[in-house]
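Here is a friendly briefing to read with the model open beside you. Take a look at the sequence and the fold, then work through the points below.

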Amino acid sequence: MPSVAVKLYSVFFKLLLKHRLQNRIQSTFNDNNAFGVTSRPEETIAAANPSFTDGVATKDIHIDPFTSLSVRIFLPDTCLAAADSERQSQSRVRVRNSYRSPDRGYASATIDARHDLYHLRRNSYDPSGTTKSVSPTDQLRRSSYGGSSDTDALISKQESGTYRGYSPSLENDHQTCRKLPLILQFHGGGFVAGSNESAANDFFCRRIAKLCDVIVIAVGYRLAPENRYPAAFEDGLKVLNWLGKQANLAECSKSLVNTRGSGAGAGAGAGADARRSDVHRHIADAFGASMVEPWLAAHGDPSRCVLLGVSCGANIADYVARKAVEAGKLLDPVKVVAQVLMYPFFIGSVPTHSEIKLANSYFYDKTMCILAWKLFLPEEEFSLDHPAANPLIPGREPPLKYMPPTLTVVAEHDWMRDRAIAYSEELRKVNVDAPVLEYKDAVHEFATLDMLLKTPQAQACAEDIAIWVKKYISLRGHEFSY
């Protein structure tokens with residue numbers, strides 16, 4: 001059974017949630033306002049930090065000018081590991097050669113070796129041009145304007161602006177950028193609450209980014225009742241299409257840089273071509289290339305994309321996965337290789353055993369969840385067997401056999417667990433890899449709720465997810481197994 005502290009917290013949590021839901025039902029909203037909101041005033045927000053202060057850099061991007069849709073990108077500092085290891089290996093080669101040179105004395109070789117190692121570790125900007133050594137840990141963090149002179153992996157220009165976050169150089173042909181898989185994450189909150197910028201969601205996404213060694217993109221979809229169904233679902237699909245656009249813009253930008261470089265190096269006769277390339281580059285900057293997200297362009301691998309949904313976010317993730325299957329190659333280069341559904345927000349008109357037995361369970365009981373569905377679904381469409389609510393209704397497209405591998409996480413004391421397990425069983429019947437992870441003595445949102453984030457169960461759940469996800473994002477094959 002859950003601890004006494006969890007039980008007491010659940011009582012106050014449900015009272016507060018019920019009060020907020022009833023207030024929103026009684027309030028009037030302008031249905032013609034498509035811009036919407038992605039966060040509530042009562043949410044505790046974690047500010048974005050674009051430097052690797054704790055191993056993960058974050059930034060917020062508003063990606064749709066017509067709505068409030070936004071994303072928060074979580075970039076782990078392991079994206080710099082490839083460039084670091086390459087420079088270190090080159091330095092070790094230079095050191096060995098200096099020792100082996102027959103024309104040099106021992107003292108000269110020692111001085112050169114020390115100079116190479118000293119040069120390798122320089123990463124602090126000094127107006128006088130001097131350098132100072134730093135620890136290997138700080139070497140991974142050489143990523144802030146005002147604090148970097150590394151010319152291979154970072155933009156070293158010290159501008160008068162205030163941005164002090166990581167900024168990869170997209171125009172350096174010699175730059176080695178490590179490509180990381182992408183996880184598209186959808187937060188929970190019953191479609192009416194929660195935020196991709198909340199402190200709890202920020203903590204969870206940082207944990208996933210570190211454990212899975214991926215770039216996490218937390219989606220800030222529009223909330224109900226200001227924007228009812230299908231706004232949140234369309235926002236999820238819009239972000240997936242945005243990833244494809246980003247990949248294509250990055251390729252266009254790279255080809256323009258290559259064209260400009262080849263034209264400039266072809267001699268005096270190619271001067272006109274170089275100037276034309278510069279003109280085209282300016283046009284692209286004006287109409288599209290300036291929209292390239294540098295973190296994703298330098299480090300994102302859209303061909304290894306995983307969807308991860310928490311509670312109602314799992315419903316959005318499942319919808320996006322279905323649309324990705326229907327789109328097929330139209331989404332190239334984006335490929336959804338797997339999805340993770342964490343205690344999905346499924347319901348139906350015919351109650352399951354857990355919906356009867358655990359209807360008054362911890363944190364989110366069935367009565368309050370039905371209120372949330374009434375706020376989310378349009379009044380004329382309200383039904384517990386709505387396609388957004390019940391994944392098991394007949395006639396849903398595409399056929400389940402085309403769905404990506406799906407990991408389902410459920411909790412013992414969650415009234416929604418049986419329907420999530422039934423959905424996983426249907427997937428396994430058509431030979432889709434669809435394991436279920438059930439956690440004993442756990443409650444709904446046990447791995448993502450602010451109070452429970454630091455419990456051993458929450459940590460174990462994130463580690464289990466990482467083990468399974470790596471089966472499908474590893475470039476070395478399926479050496480991981482669950």
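This is a predicted model: local features need pLDDT of at least 70, side-chain atom pairs count only at pLDDT 80 or more; totals for chains, interfaces and linings use all residues.

Residues are numbered from 1 along each chain as its sequence is written, and side-chain values use heavy atoms, with hydrogens and water left out.

**Overall picture**

- The protein has 13 helices and eight strands; these are DSSP runs numbered from the N terminus, with helices being H or I of at least four residues and strands E of at least two.
- Of the 482 residues, 52% are buried (buried is under 20% relative accessible area, exposed over 50%, partly exposed in between, with a 1.4 Å probe and protein chains only).
- Among contacts with a separation of 6 or more, 74% are between residues 24 or more positions apart (a contact means heavy atoms within 4.5 Å).
- The accessible surface is about 22,200 Å², and carbon and sulfur atoms hold 55% of it (areas come from the Shrake-Rupley method with a 1.4 Å probe; for residues, only the protein chains shown count as cover).

**Strand β5 and its partners**

- Strand β5 (residues 300–310) is largely enclosed by the rest of the structure, because 10 of its 11 residues are buried.
- Strand β3 (residues 180–186) runs parallel to β5, joined by seven bridges (strands pair if DSSP finds at least two bridges between them); Gln185 has Leu308 in β5 as its bridge partner.
- Strand β6 (residues 336–342) also pairs with β5 in the parallel sense, over six bridges, and here Gly309 stands opposite Leu341 in β6.

**Residues to look up**

- Asp318 sits in helix α9 (residues 312–327) and is buried at 2% relative accessibility.
- Leaving aside neighbours within four places in sequence, Asp318 contacts Gln339, Leu341, Arg396, Met403 and Tyr423.
- Phe12 belongs to helix α1 (residues 4–26) and counts as exposed at 59% relative accessibility.
- Together with Val4, Leu8, Val11 and Leu15, Phe12 makes a nonpolar surface patch of about 540 Å² (patches take residues with over 30% relative accessible area and no salt bridge, joining like charges within 9 Å and nonpolar side chains, namely Val, Leu, Ile, Met, Phe, Trp and Tyr, within 5 Å).
- The count of disulfides is zero (a disulfide is a pair of cysteine sulfur atoms within 2.5 Å).
- Cys79 is buried, with a relative accessible area of 1%, and Cys461 is buried, with a relative accessible area of 1%.

**Salt bridges**

- The whole structure contains 22 salt bridges (a side-chain nitrogen of Lys or Arg within 4 Å of a carboxyl oxygen of Asp or Glu).
- Asp64 and Lys238 form one, with their closest N and O atoms 2.9 Å apart. This pair links distant parts of the chain, 174 residues apart: Asp64 is in the loop between β1 (56–62) and β2 (70–76), and Lys238 is in helix α6 (residues 231–264). Asp64 is buried at 8%, whereas Lys238 is partly exposed at 32%.
- Asp235 and Arg222 meet in a salt bridge at 3.0 Å, N to O. Asp235 is buried at 0% relative accessible area, and Arg222 is buried at 7%.
- Asp433 and Lys471 meet at 3.1 Å, N to O. Asp433 is partly exposed at 27%, while Lys471 is buried at 14%.
- A network of salt bridges links Asp54, Asp60, Arg72, Asp202 and Arg206.
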